[in-house]
Amino acid sequence: MAYTFRGGVRMNEYKITASSPIEVLPAPDKVVIPLSQHIGAPCKALVSVGDKVDKGQLIGAVEKGLGCPVHASVSGTVEKIESVYTPQGRKVEQIVIDSDGENRISPDIKPYRGDIYKVSPEDCIEAVRVAGISGMGGATFPTYAKIASAIGKVKHIIINSAECEPFITANHRLMLESPDEIIAGLRILMHVFGLEKGLIAVEDNKPDAIVKLREAVGDGKDIEVKEMKTKYPQGDERQIIYALTGVELKAGKLPADVGCVIFNSETCYNVYRALALGMPLIERIVTVTGDCVRNPKNILAPIGTPVSELIEFCGGLKEKPAKLISGGPMMGVAQWDINIPVTKGTNAVLALSEKFTAEPELPFSCIHCGKCIRVCPMHLMPLFLARNSKKGDYDECEKLNVLSCVECGSCAYICPGKVPIVQFIRVAKSVVNEKRRAKLLARQADAQKPAAPGKTDTADRPAAEKTDNLKTASVKEQDAGKAATSAKEDNPNAAETAKTASGQSAECLKTATAQTAISQKSETVNTDKKENSK
Amino acid sequence: MNGENQSLMALSPSPHVKHKNTTQSIMRDVLIAMSGAFVWSVVVFGYMAAVLTVLSVLLCVFYEFAYQKLMRKPVTVSDLSAAVTGVLIAFNVPVNIAPWVLVFGCFFAIVVVKQLFGGIGKNVVNPAIAARIFMFVCWPSEMSSFFKADAITSSTPLASIKNSVIPDYTVGDAFFGFIPGCLGEVSALLLICGGVYLLIRRVITPQIPLAFIGTVAVFYLALSPVGTPVQSLGYGVFTGGLMLGAIFMATDYTTSPVTPVGRIIFGVGCGLITVAIRFLGAYPEGVSFAIMIMNLLVHYIDKATMPKVFGMRKQKNG
């Protein structure tokens, strides 16, 4: 019996590239390497315009805090350093490198000196950090930080190769073509964590990959390949942990809190490469597919390759796509620019036609069918979350545990009334988060200083910042969730302002929050209207 | 690859793909599920059954269209929900009803019960049930003179049971549909077939019909009002509006709970009230009142049966 969880949806897989071997993209003329491709602080450029760089050379590093360094993925000359939006909708600096076509490997790249299977935890963390590896399933959490925070706490190590989203086959091909490297990576990580046993979770729609992996494990009893039921979102780490260990991981907790650590299979593969070859993360497998792409393919592409080049490599587009998505169809981000670069988290590029993305003719309306409740992997009541969010009753959303939502999109997928449930939930989540933060700040401000008359200028600042955020968000034409991200990023400033100011300014911050809520709401309403008028 | 291609790409948040189910496709399935009972009504009651059903559908669709036009709302008649309401209202009247009664009944269902409460998904009571009760209260004689195809007035099996008389019809008649009654409710067999179709198409879940019919069945078996317990069970379950109500009306999404446990509570509640009215009340039939009363409680049932959120329950080693 395959392992699984309660809820979720079975959907058409569209894994059309499952039997297409990974093809290596010839070095593009130009690569564009964003300085922030991961969760954490952005990097600072270490090169300047006109510098010669080698393939694998460190070109951006994090000064302090959480983050991943970035490396040149081709050899050539730094053409410019500019500021643009990433596929995730954030504004970052990026380094444009003109390739010289020589693919000269940087002399800095050296394999680990000792036995890689006996590497000390410190050396492993350092090697992974230097290699700039971040989670390659899409979440892009810096891998070294995950290892460091989990050491000594975990009983289970799980490699996530479920790949539950439709269309994507990057991990599938990797398992078929490089099973030994994945197993080697897992054995290194098992040694680092001091674990005797490792698990690999693969959905049972990839029986060939399961066979390959089992062959690669050989007679060893140390690694078990677990068959997971093919169901979305089986690849969510919470659901994998639940399916394999029976433990439910609460929202906001990390897998390490329940003794588990989970890596994507491609991340694991790159951990091996970082130690065995000293190779930093400068290329990744991207599934380029969708019904608008002439010859869908799995491509090994240098980080920073413009998506337009990948599509060109696949024979171009059959028709104009209605939507270009970076990532999977369930959690990927719609793009407005075909020249965006491949980043460390880009596991797929989808060009979908109207057939997939057509908006319904009728205005959306919830018919109370309860299908969303049946599919929610977090056992929430998405219809009531959406309803209360639409009403603006965010307190009720909080009571209904809106913050437990992982935004997998199962509810909106199954909804016959075509309610944009996830959008409503994202709005509610951002408001609830803001409220909580404001409450916390108010408490801190109260505790730190006795009440004093507030200054208007300090009080106005947070509000102005919030408005700016919203403007940027609407310019970006991204959803409310993105607005929340930028608000989050901006928060340290707001926090400092509030800390230094009096209790009254914290009060004003609350007002600012309320304004944020209102304007976000009006944005949603606008979207609604647009959809209605269609 | 640049320029015009880019400007036409849609930006919207995930998920980017949707299931093919729509409100319209679900309502179409409900209509298909009811088609057997419709054909049978024409066979048993003659062409007037078809006339009444078509009239009722047209009236409901017209009222919805007219209301939405008048209120400058987007017109949503193509979601077929008004058509389903129309068929259900026709299924709930006897064949010899004066057609003008439907003019009022459909108005009450669509305008008063559905649209004034906000339209699809927002009504508190099932429109067809409300219309049935409305017509029943306003025109009791129109609504309860049952003819059979041979145009002889006869009392329904439930009315006979009410008077502690063994009905003129056998349980088999009731099951296959050779009894007097409302248009859509006479053939239990065809209604069950429709229900099975809805289950296979995953339009409904089995909790409500099973809990509803099961509860009623238990009481008939235990109390055995006429003949043997098994005979009572047959009459109690296969006659009157129970099959139609339990399969097609109590399962209406908008006016039934969303959680599995809630649906069982709802079904049992419907069953208990039906039995109470049939055994203790003044009316021979109580299905529609039972459903309407339970409709009013849906909000509270939903709240009381909220599922435990993932990670929030007590764990062995968490």
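In chain A, three strands form an open sheet in the order E3-E5-E6, with antiparallel pairing. Strands E3 and E6 of chain A stand at the edges of this sheet, and each has a single partner strand, so one side of each is left without a neighbour in the sheet. The model described here is a predicted one.

The pairings within this sheet can be followed strand by strand. Strand E3 of chain A covers residues 44-45 and strand E5 of chain A covers residues 58-61; the two pair in the antiparallel sense over two bridges. Lys44(A) has Ala61(A) in E5(A) as its bridge partner. E5(A) is also joined by two bridges to strand E6 of chain A (residues 70-71), and these strands again run antiparallel. Here Leu58(A) is found opposite His71(A) in E6(A). In general, the strands of a sheet pair through backbone hydrogen bonds, either parallel or antiparallel.

Chain A also holds an open sheet of four strands, ordered E2-E8-E7-E4 and paired in the antiparallel sense. Its edge strands are E2 (30-34) and E4 (52-53) of chain A, each of which pairs on one side only. Val53(A) lies opposite Gly76(A) in E7(A).

On the level of domains, chain A is divided into domain 1, spanning 116-276, and domain 2, spanning 371-533. Six residues from domain 1 of chain A and six residues from domain 2 of chain A take part in the contact. The side of domain 1 of chain A that touches domain 2 of chain A is made up of three nonpolar, one polar and two charged residues.

Turning to chain B, two helix pairs can be described. Helix H14 (residues 260-280) and helix H15 (residues 287-304) of chain B pack at an angle of about 150°, and their axes are 9 Å apart. With angles over 145 degrees counted as roughly antiparallel, H14(B) and H15(B) are therefore roughly antiparallel to each other. The crossing in which H14(B) passes H15(B) is right-handed. On the H14(B) side, the residues that meet H15(B) include Gly262(B), Ile265(B), Phe266(B) and Gly269(B). Among those on the H15(B) side are Val287(B), Phe289(B), Met294(B) and Asp302(B). By class, the residues of the contact of H14(B) with H15(B) comprise 13 nonpolar, three polar and one charged.

The second pair brings together helix H4 (residues 81-91) and helix H6 (residues 127-138) of chain B, whose axes come within 9 Å and cross at roughly 35°. The crossing of H4(B) and H6(B) is right-handed as well. Thr85(B), Leu88(B) and Ile89(B) in H4(B) meet Pro127(B), Ala128(B) and Ala131(B) in H6(B).

Finally, the two chains meet each other: 40 residues of chain B are in contact with 57 residues of chain A. Helix H1 (4-7) and helix H2 (23-45) of chain B each contribute at least two residues to the side of chain B that touches chain A. That side of chain B consists of 18 nonpolar, 18 polar and four charged residues.

Methods:
Residues are numbered from 1 along each chain as its sequence is written. Chains are lettered from A and ligands numbered from 1 in the order in which they are written. This is a predicted model: local features need pLDDT of at least 70, side-chain atom pairs count only at pLDDT 80 or more; totals for chains, interfaces and linings use all residues. Two residues are in contact if their C-beta atoms, placed from the backbone, lie within 7 Å. Ala, Val, Leu, Ile, Met, Phe, Trp, Tyr, Cys and Pro count as nonpolar, Asp, Glu, Lys and Arg as charged, and the others, Gly among them, as polar. Axes are lines fitted to C-alpha atoms, for helices over the stretch in contact, and angles run from 0 to 180 degrees between N-to-C directions. Angles under 35 degrees count as roughly parallel, over 145 as roughly antiparallel, 65 to 115 as roughly perpendicular and the rest as oblique. A crossing is left-handed if the near helix is turned anticlockwise from the far one by less than a right angle, and right-handed if clockwise. Two strands pair if DSSP finds at least two bridges between them. Domain bounds come from an automatic or database domain assignment.
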